[in-house]
Number of protein chains: 2
Amino acid sequence: MHFADVLPLQSGASIRAYDLSYETYGTLNADRSNAVLICHALNASHHVAGVYLDAQGAVLPKSEGWWDTMIGPGKPVDTDVFFVIGVNNLGSCFGSTGPMQRNPDSGEIYGADFPVVTVQDWVQAQARLLDALGITTLAAVMGGSLGGMQALSWTLQYPERVRHAVVVASAPNLTAENIAFNEVARRAIVTDPDFHGGHYGRHGVLPQRGLRIARMIGHITYLSDDVMNEKFGRQLKAPTLVASRTTLPPEGALRLRPGEAGSAALAGEEGASTHVGSPFKYSTQEVEFQIESYLRYQGDKFSEYFDANTYLLITRALDYFDPASEHGGKLTPALARARAKFLLVSFKTDWRFSPARSREIVKALLDNQRDVSYAEIDAPHGHDAFLLDDPRYLGVVRSYFESKVTPC
Amino acid sequence: MHFADVLPLQSGASIRAYDLSYETYGTLNADRSNAVLICHALNASHHVAGVYLDAQGAVLPKSEGWWDTMIGPGKPVDTDVFFVIGVNNLGSCFGSTGPMQRNPDSGEIYGADFPVVTVQDWVQAQARLLDALGITTLAAVMGGSLGGMQALSWTLQYPERVRHAVVVASAPNLTAENIAFNEVARRAIVTDPDFHGGHYGRHGVLPQRGLRIARMIGHITYLSDDVMNEKFGRQLKAPTLVASRTTLPPEGALRLRPGEAGSAALAGEEGASTHVGSPFKYSTQEVEFQIESYLRYQGDKFSEYFDANTYLLITRALDYFDPASEHGGKLTPALARARAKFLLVSFKTDWRFSPARSREIVKALLDNQRDVSYAEIDAPHGHDAFLLDDPRYLGVVRSYFESKVTPC
């Protein structure tokens, strides 16, 4: 969807002539009352459900939407009943206008010149998309993590346009520790010599080293300590006894990328000898433990598809989100404007956005006599749980939609 | 102290003609029974207590030893009673033989060629230092974090040479999450283009970008979420309303170093405009929150004095430590060799080496009918608490030393 009107931003800057990528699922009913808007988190997109087909009609592998367990025909958010909209946010890198695209004013790739966008800005842009689709009121707005912040912000910016808000694994703002993790990730990207002040596009390079580190840090915070121990523990990558260096599998060849010259060079030249009979390689740079292999793989994969400037923008939007800040840090008056009914869900092992953070929102809403349902799911998967197929979690959302959201 | 004998390492490699830097405090008694060995953690040294004086006899600023709250005349480990030894480990960068020094075989700076050393190797080297000092039996061996692992290892490698082991904020091995944080830090260093495969010394550069990121990650894990919120919260670096970019304090000038060209260049060129009346700069790269400023400062400071290869080696020693591994992962049989009496201390808010990890050691020692004292301190400071001035913590150690360790 193209938008020709200028969008003023919270920073005082503005964006004009922007596009928003979106997908819809199901059918908008006659009175346009069954629309559900899905807001995405850091690295997701408008592709929330379903699969893509190739030209022959075959399902493209790994093309499932990021919330395909949640949304679809007969699923908790049932697209036989609801008209679901997924939208890619401004500043992201999956089709909506962002740093990888051209600034219509200069004709140059935005790069670092793309303005800082906030959760409030995203909600403004999403509201214009709904206007264009002819939807005045949402049956529900819904998101996890940063997506949950957008859902909460919707109820404050457009209280009359939202009947229900579903806020999953979210928080009323970031803690110092949350900001700290974001900042380390940003510094890794910004100090990568291939970042070129955010204008790497003009130099024909990508700051993939920094993106890899950023993603590795992120991944640690998405998982619980317990699930990491269960999945990886102290298991070795190659738990076979090795007699000498020459029998080792070519770790470096598999995992190191051309850009990572320092490591590639080292893989062949490091001098540590291997103790016959030991399970270890006694190396600081080769993979010893499975968790290392997993993280490197996640970092590599991410650095191939995600834009570094987008990473900076989206983590900054997380940092800035804080509806209580205009009310002396008090969340209750901050949420007084909300008119929606709420479902909040948190996960016990989520240490990034812990249940205590969701409970802050619940309490502030109850202080305002709002209608709030809250579920704390005893899932072992940490923050990642909001994307996973947990029957208790999906059951809670299903029954909320069936009993409260479904238009009569 | 110079050592001319070859030290065989756990990896199968060996080191010859090495030096160990050490300091002693107090006086070794006539029967040499009052020696206490202090083992250091990741970034500390042999300088555990006291201060340094300049040529005029004045105290050098900030020259206190890293455990000066714990060790000294009249302190919990009382140097009027005990002869305390601090030693810098092999592979470290504070005077003992390590990657920054010359390989006697080649005449070249070791750099990446310095062999991987383990906790067991450090204990071997420390034992030789004690031999040279004429000390057969330690009144106590003591350390926090990685230092606690060395103390534990002492009781297994030299059960007859240790009367007491004081193991603070430690663990019987690293969890997957612990290894994950180490691995991200290592990747940040190794993929810094200035790392040059670990031979940055030959190129006249230092991988300071990587070291900064490594230290920032480390710092997050040393602090508790609570203490971060209390110290920094969401406080802004410059909590004054700013009207335009020209009135901003020169953040970049204060904190960016010459090596960080990408950022330095950016500080002046980023295009985000500032909303009059907003407390924010709306920038992805300038400091907004105090926690960011704190982390950048810690990263910068660390990258000025710490050696990158040492960081790799010491984090790897942490990863490898796992006395249970030779006993099918069972800690009780692994600790059966220990003869020492034990004091273990953990801190409730330490999520890096949580109390549960200390309790694993306590349980395994009790299973072996060992004499164990254990204190779980309700300190808010996270892992860092083991270095801080907490009266309950220091009181526990004081009473243990007074009642159990003091030679009669």
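I worked from a predicted model, in which local features need pLDDT of at least 70, side-chain atom pairs count only at pLDDT 80 or more, and totals for chains, interfaces and linings use all residues. Residues are numbered from 1 along each chain as written, chains are lettered from A in the order written, and side-chain values use heavy atoms without hydrogens or water.

I looked up contacts (heavy atoms within 4.5 Å) and found 70 residues of chain B touching 70 of chain A.

I noted a buried area of about 5,900 Å², with 61% from carbon and sulfur atoms; this is the accessible area (1.4 Å probe) lost on putting the two parts together, summed over both.

I listed 8 salt bridges across the interface, each a side-chain nitrogen of Lys or Arg within 4 Å of a carboxyl oxygen of Asp or Glu. One entry pairs Glu292(A) with Arg186(B) at 2.9 Å, N to O.

α3(B) gives the largest share, 11 residues.

Last, I placed Leu53(A) in the loop between β6 (35-39) and β7 (71-72) of chain A.

Conventions: Helices (H or I, at least four residues) and strands (E, at least two) are DSSP runs, numbered from the N terminus.
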